[in-house]
Amino acid sequence: MITFMGKKLNMHYLFYMLIIGCVSCKKNPSLIADSVQPPIETPVTPDPPKPNPPTQEIIYSQTYELGTGSGRLTIDGKSLNIDGNILIKVKGGKYDGISISNINGIKGSVTIQNDGLVSMTTGQMRLANLNNVIITGNGTTGIDKGFTFTGNTFRPVEVDGVLNNFTFQYASFKNIGDNVITYKYIEPYNGSEDSYSKNLKFLHIDCDNTGQFYSGAGTAENGSILGLIKNIEIAYLNFQNSPGVGSVVWIGNAENYDIHHNTINNINTANNNHNGIFLLNGNGKFHHNKVSNHQGNAIRAFSFSIGTTPKSVLIYNNIVFNSRKYSAFEVQAFNYNIMPGKSTYVHAEVFNNTCGSLNMNNEWQGNLVDVYGLQGGTCKVYNNLAYNLPAPYVIAGQVSDLVPIASNNLYFKTYSDAGIVNEQSFNLNANSPVKAKGIASPLLSDDFYGNSRSATPTIGAVE
């Protein structure tokens with residue numbers, strides 16, 4: 001068993017949060033958009049979204065059955081014989097707290113799964129120093145989310161120490177009065193393998209009326225790089241009904257984030273800050289997400305690359321509609337994130353998104369993307385479909401001196417003018433004027449529903 005202690009936030013982290021809160025809003029962006037009038041093409045009916053591909057079955061060398069179904073459960077790797085692939089089954093019941101720590105699966109993966117419904121209404125799941133560990137709530141047939149947290153008032157899942165090669169999946173959270181998953185990793189990065197956290201996955205999780213789903217840390221400024229996470233994936237998150245959440249996901253320093261197939265609905269009805277629903281610092285991909293009935297940019301991509309080689313931020317195949325305030329996306333970089341020999345800029349590409357009815361209170365310009373300076377990087381904006389934006393409509397809004405490279409974007413007054421059948425599926429009808437009017441890209445292989453793109457792709461998220 002380990003003893004957990006509260007952590008003090010690093011001053012760099014607090015300073016960085018103050019800077020984010022003071023980022024100025026958009027002022028009179030210039031207009032950059034296309035007005036192509038394409039002919040009618042034959043429709044393609046999309047299939048339903050495809051789930052994660054099945055994982056290879058793990059052969060376990062040993063199985064532990066732990067827990068009594070009540071009280072507090074401690075799983076400490078120091079007291080277990082971990083040799084090869086290990087399965088730990090947690091007996092179903094209502095727990096006051098669960099601690100999982102000091103597991104280093106260097107000889108195989110360690111899977112911790114439910115055996116029945118494992119629920120918590122008080123206490124926390126505390127995680128610390130885990131490597132090659134999978135915590136999964138799909139261990140019992142007929143139970144979709146086998147780890148449930150309901151009514152917890154303080155950080156139901158909190159991490160101390162370091163996570164590497166870690167997966168947390170098939171869990172649900174409801175009526176949570178605080179952040180859902182908190183990982184305040186702020187260790188200094190020096191380029192070595194043990195100076196960053198890597199390969200984290202948070203998959204198939206439901207949140208209803210909760211605080212921030214993922215609360216991270218990390219900075220890259222003033223000559224120091226802290227809390228770097230390489231390869232973090234957040235996918236198949238269903239997050240809804242949170243009136244004041246602000247940012248659903250906040251990551252301070254990430255290389256190659258992969259944010260995809262998430263559904264966000266009915267949030268920030270009581271929040272008027274300039275929110276990034278996904279506020280991501282670093283570089284990576286944001287794709288196949290659906291954000292609706294909200295306030296805030298779907299993503300605020302605050303962009304930089306660790307090292308001297310520029311990396312990319314890719315925003316594609318997303319559907320964003322009915323925002324009370326702010327544009328669909330934002331890309332931006334700050335000079336304090338660019339440190340010679342340690343970090344550099346990114347190139348951004350925003351393509352094949354469908355966005356409509358943005359900034360419906362008309363307080364700000366409702367663009368498909370707000371393009372700020374990228375400290376040396378370029379921004380390409382193409383193959384996007386927009387409708388019902390506050391006049392004058394803008395696809396790529398130039399907010400600073402960086403001029404977006406815009407092409408093959410189409411705007412319509414209403415979604416029906418674009419040939420969209422409805423604002424539930426966003427399927428295209430037989431007479432849609434956006435078919436086969438995009439430009440080919442090596443970065444684009446499928447659409448929002450996983451259907452293959454044609455050689456000359458359709459404008460927007462749905463092929």
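This is a predicted model: local features need pLDDT of at least 70, side-chain atom pairs count only at pLDDT 80 or more; totals for chains, interfaces and linings use all residues.

Reader: Which residue does the Arg 155 side chain meet in a salt bridge?

Author: Its partner is Glu 158, with an N to O distance of 2.9 Å.

Reader: And Glu 158, is that residue buried or exposed?

Author: Glu 158 counts as buried, because its relative accessibility is 11% and the limit for buried is under 20%.

Reader: What else does the Glu 158 side chain meet in a salt bridge?

Author: Glu 158 also pairs with Arg 126, at 4.0 Å from N to O. Arg 126 lies in strand β6 (residues 125-136) and Glu 158 in strand β8, so the pair links distant parts of the chain, 32 residues apart. Arg 126 is also counted as buried, at 13% relative accessibility.

Reader: Which residues are linked in that network of salt bridges?

Author: The network joins Arg 126, Arg 155, Glu 158 and Asp 160.

Reader: How many salt bridges does the structure hold?

Author: There are ten. One of them is between Glu 255 and Lys 311, at 3.9 Å from N to O. This pair too links distant parts of the chain: Glu 255 belongs to strand β15 (residues 249-260) and Lys 311 to strand β21 (residues 311-316), 56 residues apart. Glu 255 is buried, at 15% relative accessible area, whereas Lys 311 is partly exposed, at 25%.

Reader: What does Phe 213 touch?

Author: Leaving aside residues up to four places away in sequence, the contacts of Phe 213 include Val 180, Ile 181, Phe 202, Ile 205, Cys 207 and Ile 234. Leu 237, Phe 239, Val 248 and Val 249 are also among them.

Reader: Lastly, the cysteines. How many disulfides are there?

Author: The count is zero, where a disulfide would need two cysteine sulfur atoms within 2.5 Å. As for individual cysteines, Cys 355 is buried, at 0% relative accessible area, and Cys 379 is likewise buried, at 0%.

Methods:
Residues are numbered from 1 along each chain as its sequence is written. Side-chain values use heavy atoms; hydrogens and water are left out. Buried means under 20% relative accessible area, exposed over 50%, partly exposed in between (1.4 Å probe, protein chains only). Contact means heavy atoms within 4.5 Å. Helices (H or I, at least four residues) and strands (E, at least two) are DSSP runs, numbered from the N terminus.
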